[in-house]
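I opened the notebook to look up a few things in this structure.

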Amino acid sequence: METPKLNLLQRLRLESLWGGMRLFAVMPYWFKYRIAGSFLFFLLCYVLRYRSKVVRTNLRNSFPEKSERELRTIRRRFYRTLAEIFVDTVDLAHCSRRKARRMLVIEGFEEHRERVLGRDWIAMLAHFGCWEYCSFWGLYEPTQKVVAVYHPLHDPVMECLYLRLRNSSYATTVAMKECVRFYLRHRETGFEGKHMGLGLIADQNPPRRPNSHWFSFLNQDTIFFDGGEKLALKFRLPVYFTRMERLGPGRYRMSFEMIYDGVEEVAENEITERYVRHLEAMIRERPELWMWSHRRWKHKR
């Protein structure tokens with residue numbers, strides 16, 4: 001991924017941020033999660049009250065069956081998760097292969113490896129827990145390259161910072177608008193000679209189109225990005241829902257559930273519908289791990 005060009009002041013800002021993150025990342029585990037994480041939780045939840053109105057509205061509309069007390073509990077746990085994800089992300093600034101394997105374990109690794117070995121495939125992700133850890137698949141399976149499809153940030157300094165965090169010997173980033181061209185360019189030869197696992201986060205709020213398909217999701221009419229489905233059908237790629245389970249602070253377990261085998265004849269929007277149903281079930285199981293601060297339902301039917 002080509003990085004934005006920065007002027008002198010922007011480069012100084014970038015290197016200052018990167019240096020601070022590298023320093024924080026080598027701090028002891030107890031300091032990062034018990035001290036810094038607790039401080040961030042207090043700041044976000046009780047001082048800044050970060051997007052508290054958005055969080056309250058999203059939770060109330062998604063779980064009308066829950067009492068105010070239950071919603072308050074989920075809300076506090078969400079802010080705890082948000083603080084922890086911030087620590088998780090900064091911690092990636094100094095992440096060895098050994099450290100990454102402690103941060104993420106893959107359930108059913110051998111079985112999934114057999115299914116995707118020697119071919120390209122799609123992993124459909126969500127803003128659930130620390131989604132940045134999903135790129136560690138490339139550490140476990142060195143014959144494949146993780147291609148993280150993402151939306152570029154408007155701030156060039158933050159864009160460069162996140163590219164540093166996300167690009168490595170086992171993962172690379174591609175802007176969503178370049179995704180199809182990128183895949184066509186590397187489809188025959190692979191990327192750096194490796195087969196690709198394309199990671200797409202599909203639970204963001206997409207632009208509304210006249211032909212947008214509406215799904216029932218958490219008791220609300222919702223539209224989803226359909227790029228994963230279009231890629232899968234165009235190139236006959238298998239699609240897997242990526243399930244994340246939090247084991248503890250900075251510790252996750254990842255598994256993959258097939259929702260399309262690359263061959264089956266499916267109705268329009270069926271692949272996305274399967275993704276939505278898997279995602280909703282995962283959120284209902286551990287609601288505090290989803291990003292409730294996103295303005296997910298800006299569009300109305």
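I began with a definition: buried means under 20% relative accessible area, exposed means over 50%, and partly exposed lies in between (1.4 Å probe, protein chains only). The model is predicted, so local features need pLDDT of at least 70 and side-chain atom pairs count only at pLDDT 80 or more, while totals for chains, interfaces and linings use all residues. Residues are numbered from 1 along each chain as its sequence is written, and side-chain values use heavy atoms, without hydrogens and water.

**Cysteines.** I looked for disulfides (pairs of cysteine sulfur atoms within 2.5 Å). The structure holds 0 of them. For C179, the nearest cysteine sulfur is that of C134, 16 Å away, and C179 is in no disulfide. I found C179 buried, at 5% relative accessible area. C45 is buried too, at 10%.

**Charges.** Next I looked for a patch, made of residues with over 30% relative accessible area and no salt bridge, with like charges joined within 9 Å. A salt bridge puts a side-chain nitrogen of Lys or Arg within 4 Å of a carboxyl oxygen of Asp or Glu. Which residues gather in a patch of positive charge on the surface? They are R49, R56, R69, R72, R76 and R77. Helix α4 (residues 68-91) gives the most, with 4 residues. Helices are DSSP runs of H or I, at least four residues, and strands are runs of E, at least two. I placed R56 in helix α3 (residues 52-62). R56 is partly exposed, at 30%.

**Threonine.** I found T172 in strand β4 (residues 171-175). Is T172 buried or exposed? T172 is buried, at 7% relative accessible area. From T172 to R236 I noted 64 residues in sequence and 22 Å in space, C-alpha to C-alpha.

Key: Patch = residues over 30% accessible without salt bridge, like charges linked within 9 Å, V, L, I, M, F, W, Y side chains within 5 Å. Areas by Shrake-Rupley, 256 points an atom, 1.4 Å probe, with all protein chains shown as cover. Lys, Arg positive; Asp, Glu negative; His and termini not counted. Charge placed at Lys NZ, Arg CZ, Asp CG, Glu CD.
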